[in-house]
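Please walk through this protein with me, one contact at a time. Keep the structure in view as you read.

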Amino acid sequence: MELKQMMESINTLDKKALNKAQIRVNSLAKPLGSLGKLEDIAIQIAGITGDINNVIKKKCTIVMSADNGIVEEGVSSTPQNVTALQTINMLDGLTGISVLSKQAGAEIRVIDVGIKADLEHPRLIQKKIMYGTHNFAKGPAMDREQAMEAISIGIETVKQLVDQGYNLLGTGEMGIGNTSTSSAVLMSLTGCNEDIAVGKGGGLTDEALENKKRVIREAVDYHKPNPNDPIDVLTKVGGLDIAGLVGCYIGAAYYRVPIVIDGFISAAAALLAYKLNPVVKEYMIPSHYSLEPGYKSMMDTIGLVPYLHMNMRLGEGTGCPLMFNIIESALAMMNNMITFESAKIDTDYLVDIRA
Ligand SMILES: Cc1cc2ncn([C@H]3O[C@H](COP(=O)(O)O)[C@@H](O)[C@H]3O)c2cc1C
Ligand SMILES: O=C(O)c1cccnc1
C-alpha cells in the first residue's frame, strides 16, 4: 500500500472504548484518579485496541541499526565501527537493551537498515539499504527513495510482529552519529537553535560539542529542509535508522498496536511521524525523560509527557522494557482490581479531587 493511502486510513482512538474504560477505572475500589498515570495508560490502550480488558501476549522492541556519514565531521567521540560491534553484542544478549528486555520478558528484533559493514548473525534481520548515509555536511544524507524504503521496512516489521501475535511494541536504535541526525531533524522541523537541540550524545568534550553545534547549524542552513515536508527533512539531514523508526510508528497506528518511544533518536522519529500525521501520536507511549537536551523540545512539540525520570541517556531502546513493566501494571489494575460494587463499598461519599 502507498504511504499516502496508509496515512489516510489511520483512525483516531475508539471513543466508545475510551469512555467505557474511564467508567471501569472509576468503578474500581480506590479514590477517584488515585492510580494516576496507570489509569491514563490503561484507558489509552483500550482506545487503541477497542477492548477495555487487554493482556500483553508478546512484546518486542524494534532496533534499527545504521551508520551515519556525518561522523566524518568529528561529531561523535566513538569510532564508527561501534555500530557494528554493538549490533552483534545486542543479538548476543549482552547490551543494555538486551538485558533489560530479558528482565521484562520482552524480545528484540535488530534490523540492519544501513550498517557500514557486512555482518553475519543468525538473528540479524538483513535489510541494508546502503553502507551508511552520506555526510550531510556535504550533501543530502540519502535520496527520497532510500528514505521511503526505510520507512517501508519499519511498517513491514510492525505488520510481521502483529501477525505473530505481538501486541506491545517499542522503538530503539544503534548508530554512531545518530544524536547529530536527530538534532538536525529537530532544528529543521521546529526552527529551534543548536543550543537547544544539540547535546553531547555518547560523550564529547566542551570543545567538541561546539564543533558539533557548528557542523549541524551550517548543514541545516545549507540544506534548508522544508519543515512542512518531513520526508525532505529525513532525506537531507536524517538517518536510515530514524527513517525505519518513522515507519514503525506509522505501522503501529495503522495496525492499532501501542508503541513505546525510547530516548532522543526514537523521539526524533516520533516527531517526524507526528508531522506526517498527528493522529499517530495517539498510539505512542513515551517512556523516560532522556537527558539529551533536545529531547524536551521534541516531546513538547508532539505534546507528550514522558513517564519515567531515570537520568538515562543511552538509547538502543532501553526505555521500552522499563515502560513495558509499567504498562503491564496498568493492565493488571484494569483487569484484576475489585470494584466498589463487588466490594459493597458505598460511593455516595466519594469526593472527586482530580483537577
Ligand atoms: C558503547 C556505546 C553503546 C551505545 N549504545 C547506544 N549508544 C547510543 O549512542 C550513539 C549515538 O551517540 P553519538 O551521536 O554521540 O555517536 C547511538 O548508537 C546510540 O544508540 C551507544 C554509544 C556507545 C559509545
Ligand atoms: O537519549 C538517547 O536516546 C541517547 C542519548 C545519547 C546518546 N544516545 C542516545
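Start where two helices touch. In this predicted model, D241, I242, L245, V246, Y249 and I250 of α11 meet a row of residues from α12. The α12 side consists of I265, S266, A268, A269, A270, L272 and A273. What classes of residue make up this contact of α11 with α12? Eleven are nonpolar, one is polar and one is charged.

Now look at how the two helices lie. Helix α11 spans residues 240-254, and helix α12 spans residues 264-276. Their axes come within 8 Å and cross at roughly 55 degrees. An angle between 35 and 65 degrees counts as oblique, so α11 is oblique to α12. The crossing of α11 past α12 is right-handed.

A second pair of helices gives another angle to study. Here α3 packs with helix α14, residues 319-336. The axes are 8 Å apart, and the angle is about 85 degrees. Angles of 65 to 115 degrees count as roughly perpendicular, so α3 is roughly perpendicular to α14. Which residues of α3 meet α14? They are L38, I41, A42 and I45. From α14 come I327, S329, A330, L331, M333 and M334. This contact of α3 with α14 has nine nonpolar residues, one polar residue and no charged ones.

Step back to the domains. The domain assignment gives domain 1 as 3-54 + 333-343, and domain 2 as 59-327. Their centres, taken over C-alpha atoms, are 29 Å apart. Where do they touch? Twelve residues of domain 1 are in contact with 16 residues of domain 2. On the domain 1 side, α1 (3-8) and α3 (36-49) each supply at least two residues. The largest share comes from α3, with five residues. By class, this side of domain 1 has eight nonpolar, three polar and one charged residues.

Next come the ligands. How many residues surround ligand 1? There are 17, and the closest are S76, T179, G201, G202 and G315. The largest share, three residues, comes from α7. The shell around ligand 1 holds four nonpolar, eleven polar and two charged residues.

T179, G201, G202 and G315 are among the residues around it. By class, the shell around ligand 2 has three nonpolar, six polar and three charged residues.

Key. Residues numbered from 1 in each chain as written. Chains lettered and ligands numbered in written order. Predicted model: local features only at pLDDT ≥ 70, side-chain atom pairs only at ≥ 80, totals over all residues. Near = placed C-beta within 6 Å. Helix = DSSP H or I, 4+ residues; strand = E, 2+ residues; numbered from the N terminus. Nonpolar A, V, L, I, M, F, W, Y, C, P; charged D, E, K, R; others polar. Axes fitted to C-alpha atoms, helices over the stretch in contact; angles between N-to-C directions. Parallel < 35°, antiparallel > 145°, perpendicular 65-115°, else oblique. Left-handed = near helix turned anticlockwise from the far one by under 90°. Contact = placed C-beta atoms within 7 Å. Domains from an automatic or database assignment.
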